[in-house]
Amino acid sequence: MMMCSRLRPSLPHPLSLRLLATTASRMMVAVKKPDRLSATLTFEDPSAFRVKSLGELLRALGIFHLCSFSVLVNNSGKLMSVARRLLGRRVFSSLLRPTVYAQFVAGENENEISQSMEKMSLLGLRPMLAVPIEEDLGESTGEKRYDDNMEAMLECVQISHSNTWSRDPMIQLKVTALLSPDLCVKLTTLIAQQPYDLNLLVRAMDGEQINFPGLDESDLAHFLSSLRRLNQIAEASVNKVRVLVDAEYTYMNPALSLVTMAMMKKFNKDGAWIWNTYQCYLKESRSLLLEALRLSETEGFCLGVKLVRGAYMDKERKLAEKQGRPDPVHKCWEDTNDSYNSSLDVMLEDISKNPESSRIIVATHNEESVRRAAKRMEELGIANDGGLVCFGQLLGMCDHVSLTLAKEGYVVYKSVPYGSVDDTLPYLIRRAQENQTVLQGIRKERDLLKKELFRRLTLRGGRS
């Protein structure tokens, strides 16, 4: 994003509607000493990496160095494809497994995943497993593929819930792994003209044959099947695993939010088991969040919010330009930061007033946003370890933030993809290309890794 310089606008308080918290919920509140916060959350201490082996330090340094070159990231798909052809699948996999794969993926089977998660658990980090399956326009492959994806998601729920390392586990869900992206686009157009009643979607999830306006026989059959797939996953997850539904592109997000809100209406009566994602690089993000809060209050369900900056900026801008419509993305980095911080403040205020009404995961690698969230939690009396507010980062990245937060008693999750090299590689390439700003901004983490590496080599030299 281009930079812009201006005064930050004052933001009105958006929610006068929320009631005071119940006494029982207020028992989750604790106040930290204010003078410790600024000192402990500077994220400047390389000792956060002392839990890593020498091999892990070297691997991270090497990979982060390569990821800082945008030409490599942009062409990573082609480069990987050529390497696989030249080396053969087996040799290629054997080279990737101890390097890129080991840095960003938990493992291929339940045993490997459990080993990775047990290590994370000992460091005070919690799992947010992610099955690397998704689709985009024109990639739909039929009901059997969607049913197979549902089975993979159900297995993810089972793995997350049934192991000793599972402590209030989360999983990530891509709706487009279960519902055709092409139909999502069509639904987005339809509901802009005539919104669908959430009650109809809930009844359809329960197996009722509902007719949705604007859908032909084929689309209707697929939509009903997809709602039942989502219902199965939610039924398997409720009271066990929290399901965080990813946002995707603006041309399908309204449809994704529609089915997610229907799931919340059905399953979030007694807590936040289904969560929606809000992308703060979009100009409409704050109004969407306020509308979701209003809807959750009217419909009587708990709102789960995953707050991100967003990863599809370049594609959104190009698509808007091609279609001759206004750019949906904030014009500069400062505007996106204001949007994120404003939405963060809205949620924290709401949680402090009525802790039973909503929860948030502050999903960001931005240190300033993390500090801001921690400071507001302290000011509002929200407990670090109560689970009403938690933090999230990607596996293999931003460990200096994750480990410091966990050490200070905050609830921290790591987004953890798993699967074979073949299954996870396209996912990793897509995530790398979408998160280039993050990858190019990991200089501080590299510097801290170098300091820890130098400390160990100096200690070894001193002993010899």
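**View 1. Strand β8 sits within the rest of the structure.** In this predicted model, all six of the six residues of strand β8 (residues 412-417) are buried, so the strand is largely enclosed by the rest of the structure. Here, buried means under 20% relative accessible area. Follow the side chains along β8: V412, K414 and V416 point one way, while Y413, S415 and P417 point the other way. Both sets are buried, with K414 among them.

**View 2. Strand β8 pairs with strand β1 and with strand β7.** Strand β1 (residues 125-130) runs parallel to β8, and six bridges join the two. To find your place in this pairing, look for A130, which stands opposite P417 in β8. Strand β7 (residues 389-394) also pairs with β8 in the parallel sense, here over four bridges. A handy landmark for this pairing is F391, standing opposite V412 in β8.

View 3. Strand β7, helix α17 (residues 399-407) and strand β8 together make a right-handed β-α-β unit.

View 4. Helix α12 (residues 253-267) has 15 residues, which should span 21 Å at 1.5 Å a residue. The C-alpha atoms at its ends are 21 Å apart, in agreement with that value.

**View 5. Helix α12 is largely enclosed.** Twelve of the 15 residues of α12 are buried, so the helix is largely enclosed by the rest of the structure. Among the buried residues you will find M261, M263 and M264, along with N253, K265 and F267.

Methods. Residues are numbered from 1 along each chain as its sequence is written. This is a predicted model: local features need pLDDT of at least 70, side-chain atom pairs count only at pLDDT 80 or more; totals for chains, interfaces and linings use all residues. Side-chain values use heavy atoms; hydrogens and water are left out. Buried means under 20% relative accessible area, exposed over 50%, partly exposed in between (1.4 Å probe, protein chains only). Two strands pair if DSSP finds at least two bridges between them. A crossover is right-handed if, with the strands pointing away from the viewer, the path from the first strand over the helix to the second runs clockwise. The expected span of a helix is 1.5 Å times one less than its number of residues.
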